[in-house]
Amino acid sequence: MQAGRNRKRITIQYETVTRDTVGGEVKSWSTFATVYAEVNASPAAADEQFITNADQLQARMPFAAVLLGVGEDGHIASLFPGMPGLAPALDLQAAPGALDAQAPSEPRQRLSLNLPMLLQTQWLGLLAFGQSKKQLIDAVLADTPQSRALPLHALLTAGRLPLRIYWAP
């Protein structure tokens, strides 16, 4: 970074979740800081950072523990239903690896791990909050036809090691 190149004012935010008066989730964004920065939107720089992150993750295998959350759409680890490249990412015969995942909402570009890499662990857990996620887990465990295309289904049926599910209302 060189003096004089920090010409863009940017706001760094993080997602916050609070409860409304009846206990429902309210998601919003809070400002961490507003600063001047040099903005480099080069696709080549992003690709280089992605490769570096992927290499660092693969060097840490096997993991001591993997604790995953689940979205109401059945996604896990930024592996979203219907995203490009989902089938190879869930293929248990694939080599463990990282991938450039595409989310349906911002931030769209995500670094994720394929299912074989997520399963390279000594302990595997799934954390879920809310009745809708419990119903989703129940549907997958019942092997309902509509649940079979979900990344959550692939995780719950992989069978490579015990999965501990932690659910709370």
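**Close-ups of a predicted model**

**View 1. Two strands side by side.** Strand β6 (residues 124-129) pairs with β7 in the parallel sense, over 6 bridges. Strands are DSSP runs of E with at least two residues, helices are runs of H or I with at least four, and both are numbered from the N terminus. To count as paired, two strands need at least two DSSP bridges between them. Look for L127, which stands opposite Y166 in β7. This is a predicted model, where local features need pLDDT of at least 70 and side-chain atom pairs count only at pLDDT 80 or more, while totals for chains, interfaces and linings use all residues. Residues are numbered from 1 along each chain as its sequence is written, and side-chain values use heavy atoms, leaving out hydrogens and water.

**View 2. The open sheet.** Here 3 strands line up in the order β3-β6-β7, with parallel pairing. β3 (66-69) and β7 (163-168) sit at the edges with a single partner strand each, so one side of each has no neighbour in the sheet.

**View 3. A helix on the sheet.** Helix α4 (residues 131-141) packs on the sheet and touches β6 and β7. Touching here means contact, that is, heavy atoms within 4.5 Å. The direction of α4 makes about 135 degrees with that of β6; axes are lines fitted to C-alpha atoms, for helices over the stretch in contact, and angles run from 0 to 180 degrees between N-to-C directions.

**View 4. A residue in strand β1.** I12 is found in strand β1. I12 is partly exposed, with a relative accessible area of 37% (buried is under 20%, exposed over 50%, partly exposed in between, using a 1.4 Å probe and protein chains only).
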